[in-house]
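Open the model in your viewer and keep the selection panel at hand. The tour below goes stop by stop.

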There are 2 protein chains.
Amino acid sequence: MPAESYRVTFQPDGRSVFVLAGTKLIEAAGQAGIILNTPCGGEGTCGKCRVELLDHEPPPSEACLRHVSAKEIERGVRLACQLEVDRDLVVTVPERARMFDQVVLTDGTEHTVGLEPMVRKAYVQLAEPTIEDVRSDVDRLKAALGPRGRNVKVALEHVRELGPMLRKDGFKLTVVLHDNRLVKFEPGDTSRAAWGVAFDVGTTTIVGVLVDLTTGLRAGVASRTNPQIHFGDDVVSRIKYIEDHEHGLAELQKRIVNCLNDIILELAGEANIDLDCIYEATAVGNSTMTHILLGVNPSPIAHAPYVNVFRGPIDVGAPALGLDLNAYTNVHVLPNIAGFVGSDTVGVILAARLMHNEDVCIAVDIGTNGEIAIGNRGRIIVCSTAAGPAFEGARIRHGMRATEGAIDKVVIRDDVEVSVIGGGRASGICGSGLLDVVAELLRAGVIDTSGRILTGGALPATVPDAVRKAVTTFNGQPAFVLVDGHASKTAEPILLTQRDVREVQLAKGAIWSGIRVLCSEFGVEPQDVSRILLAGGFGNFLRRSNAKRIGLLPDVPTPRIEFIGNAAAVGARMALRSRTSRLEAARISVKAEYVELGTRADFQMLFMESMMFPEA
Amino acid sequence: MPAESYRVTFQPDGRSVFVLAGTKLIEAAGQAGIILNTPCGGEGTCGKCRVELLDHEPPPSEACLRHVSAKEIERGVRLACQLEVDRDLVVTVPERARMFDQVVLTDGTEHTVGLEPMVRKAYVQLAEPTIEDVRSDVDRLKAALGPRGRNVKVALEHVRELGPMLRKDGFKLTVVLHDNRLVKFEPGDTSRAAWGVAFDVGTTTIVGVLVDLTTGLRAGVASRTNPQIHFGDDVVSRIKYIEDHEHGLAELQKRIVNCLNDIILELAGEANIDLDCIYEATAVGNSTMTHILLGVNPSPIAHAPYVNVFRGPIDVGAPALGLDLNAYTNVHVLPNIAGFVGSDTVGVILAARLMHNEDVCIAVDIGTNGEIAIGNRGRIIVCSTAAGPAFEGARIRHGMRATEGAIDKVVIRDDVEVSVIGGGRASGICGSGLLDVVAELLRAGVIDTSGRILTGGALPATVPDAVRKAVTTFNGQPAFVLVDGHASKTAEPILLTQRDVREVQLAKGAIWSGIRVLCSEFGVEPQDVSRILLAGGFGNFLRRSNAKRIGLLPDVPTPRIEFIGNAAAVGARMALRSRTSRLEAARISVKAEYVELGTRADFQMLFMESMMFPEA
């Protein structure tokens, strides 16, 4: 019997998620990829995570009363960290409540903190030449651009345009600059129309975010399944395809670019903007994805010693990639760190502000490869662990992606309660559900610390009858029934097999051993780390106490484990909005020390140990 | 009767000139456009201007004995500043004797001083990746390039090439760098093949110099008449053509580029080098020429207030101009200063090292427009004066260019002696001859300080009979017979008319008033200037004492007036050979103060005065 779950819809994003009753609203937002700004760590003491509820006015919490005005409370404003979901909700999340979108009110106008895109537009009136002022056209243009104009580089193609353009329009025009490079003249005043797109090119999913570069605000989000999926689920099979086919690279590059073009069209269409006003795109991805996106053969990544061809960053005109954007549109691909630690990890470190803290934090992006970073202001160390695809539902008997019909939460007390995405019948189990069931069975004593599913007399007496009855066998190995055949969508029982538990052990062992190596390199105990930041799709769906229970994460107080959403995409967006962030990304890429786990003599032993589940 | 003149041929340039007996060899070299290195000002005290005579061993001068070893003297080495031409000569001028080509001997190898071209080639062996060294291909390439490698920019097209190239060739390759930009990979070791071409794009003549960028040495020189000459002699008529014809700019641009392509082919053919190994070209020219070369409409230059579209410098890939060079070949056009003071003047200031001296020097490039620069380490002021084409032989009754048949020297004592280029019969008079005859007639008292040609009783009694007889009339105005009809090639007398004298007055008045304005702006008296440097074709042929006599130049001791040859082209070559020179050119362009003579209330008065000839 599915546990009670509710639909929470976030506006203006229009994104909905299903959560179990009692889930904090701030976690629900995290699941929807909307990361709220919580400097206090969700303790209710900072008052930053203010959202507005539609059609529902729950009694305000004490913290809410302290931080929110009576007038706002009347309007439905509440603190997301204090509110537990107990019904379907529609919630408006203002930009100011979102992480990395902090805005401050000055002089009655909203200014986004740190908005300093590489693209600047300026509508300028030039001094007309006189016999006393015989500066060249280019010089007077530079002067009109102010103190920074002096260093502006004007390429010959624009020099050719300038003379006639000035003399036609009374020496007035709009100038588009990319950093200190002039990229375009536009007649009239078009200075308010400037857009950019930030991409996260994942192995599985590609996300694009449209950003208004004059305000820094997000104007739209669109995503697609990476169409390269037809060439293999993982990066290695895609590299193999490239190696085995003469035009493989071009083929895969085209697929990815077509997908980006689709996303651009959707974003521009929905925001009703002209493609000519998109002046820059940024992108993050794992090394293989960005190599392919850029048309660079990724073959060396797949073979020992697994090196990248470039570390980056790379700047290139959109047409060189085949993007349906203008020649003046720059594409900036954030830098990599090492073979399997790509610009997506740089994006995570950037978004997590790892380099801004005195305290030591860990950021984990769990996927087929788990990228882990530890660090503070002084030092950053990263590694990549081959976690395998278990948490993405692959190689699991009834595993599936986190889509409709997937069991995404499991609670085992007197009985086995599951939550199914979409609320209908279960057809499989996704990563977060898998983590839940293993943790709950550990708690119930059905699985022991070595990972064995206990059967018959080996089961502790404390195991409730309903749970005890769910223990069965499959292919001669113990297994556990999550949903009976008569309750499942497939009419077959949905099982957790012994083999599934082993896959979970391999996956969690990889992450946990990676964390342990990084902590040891950094000289800190895992439990002493001040915050553990979970990025990426899976990270945002897992239950933190369960992640600790199976030993995926160290045993720190739960509030120290934070969801930071699709931090890689946030990093791409930060680099689009702010040159300082872009420079920081470059510094991260250079500064981050890469630990190659394979070269450590003690790693195999550590990995073996890390596969064990912790004692209760 | 032509005065005795001799042919002097300079090797390895293969250039010949005719000079009057008694001309210093160093001046003859100057006429041939070969400027010798004379830090001592031709006093015989520095011993730098050592040349080698073939088939002739004149007795060595005292200075020669002091500076040249006995062994060298035996080989025919002499100081060019001490030797007067008294027969036909063939002279070899070593690179080390040439200005701006100073070489020093270190460790037994010749290194050219200040050789630091923007183009560098390096043959590198990269460390191969290992599991302990997982740097990206690009990072290991940068490391192999040494300390400066870190800042090298690698564009995506080269990133794409790099991976396969390294793995095919054992991680060895030749890298071509332009400044800190990687422009090309070449398999194997090609580091010794790097060439560049420096162009001087004159209104009348285009010169190209091929330079070996690994040694800095000149490998060839070629020149052509500017094919735009069909569209008008001067820049204004060419601009008019562009304004009157829809495709005029493209047409004129194509002409100039075709000419450059011809020169490149000739240079490459003679030096037997591959066009692929030409990595850079530099160019100077007046503003109109460089605007047209770059495809920038020069129309604003022709209309008050006469501004340039760009001041520059401009860097652009060769294909964007239509040059038959590779895409990686950069074309660097040196910067302009103002409307009629182009990059050719920047080249002159650079070559004359005006910014290197504490002493105040003047550089004058006499052409249809006379560009004048005054300055020292602290300050540079420039102007352009409309000298008119008199010194190029235009608007003069029997004027012609300095080619075979032109009277290029005139001496008047008891009789009228003329030297004719080529040694045959005279068919006209060129600029230097014109200057001579006016000066000589002033000395003889045939012309008075107001410029009038005196006749009959007005002639002083001291005028020799033969000279007195040469005074005649033409169209009712006084005139002077240089060569009788029976001695000329045209069978008509070659005359200096009163109108010709007026043209000379206009031309010299323009230059002289420009010099006076600049000296006044600078706060120095013209006669106190420490050196006057004469650049360009005409400057190298005139007789300095005569230039002073007519008041073209201030009355300073003659050794202070120096010929610096085609200094504009030397400037282009310096910018090709040395990034320091290129930066200096940019500084000159920014720092030079432009004086617009037209805006000065006192200029008309000054110009009127300047047209008068000085008292004896």
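Select A:P60. Its relative accessibility is 28%, so A:P60 counts as partly exposed. This is a predicted model, so treat every value here as computed from it.

Stay on A:P60 for a moment. The residue sits in the loop between β3 (50-54) and α2 (62-67) of chain A. Which residues does A:P60 touch, leaving aside those up to four places away in sequence? Show A:L65, A:I73 and A:R78: these are its contacts. A:P60 and A:L79 are 19 residues apart in sequence, yet their C-alpha atoms are 8.5 Å apart in space.

Next, select residues 137-144 of chain A. This is helix α4. Is it enclosed or open? The helix is largely enclosed by the rest of the structure, because 6 of its 8 residues are buried. Colour the buried ones: A:D137, A:V138, A:D139, A:R140, A:L141 and A:K142. Then show what lies over them. The cover includes β8 (119-125), α5 (156-168), β9 (172-178) and β10 (181-186) of chain A. Step just past the end of α4(A) to A:G146. There the backbone takes a positive phi of about 85°.

Now bring both chains into view. How many residues of chain B are in contact with chain A? The count is 34 residues of chain B, against 34 residues of chain A. Between them the two chains bury about 2,900 Å², with 68% of that area on carbon and sulfur atoms.

Look for the charged pairs. Across this interface there are 2 salt bridges. One of them joins the side chains of A:R311 and B:D139, at 2.4 Å from N to O.

Hide chain A and look at the side of chain B that touches it. The elements giving two or more residues to this side are α4 (137-144), α5 (156-168), β15 (314-317) and α9 (318-321) of chain B. Select α5(B): it gives the largest share, 5 residues. Colour this side of chain B by residue type, and you have 19 nonpolar, 6 polar and 9 charged residues.

Last stop: show both chains again and superpose them. A rotation of 180°, with 0.2 Å of shift along its axis, places chain B on chain A with an RMSD of 0.2 Å. The two copies are therefore related as by a two-fold rotation axis. The same surface serves both: 100% of the contact residues of chain B recur in chain A.

How values were computed. Residues numbered from 1 in each chain as written. Chains lettered and ligands numbered in written order. Predicted model: local features only at pLDDT ≥ 70, side-chain atom pairs only at ≥ 80, totals over all residues. Heavy atoms only, no water. Contact = heavy atoms within 4.5 Å. Buried area = accessible area lost by both parts, 1.4 Å probe. Salt bridge = Lys/Arg side-chain N within 4 Å of Asp/Glu carboxyl O. Helix = DSSP H or I, 4+ residues; strand = E, 2+ residues; numbered from the N terminus. Nonpolar A, V, L, I, M, F, W, Y, C, P; charged D, E, K, R; others polar. Least-squares fit on C-alpha atoms with pLDDT ≥ 70 in both. Buried < 20%, exposed > 50% of the residue type's maximum accessible area, 1.4 Å probe, protein only.
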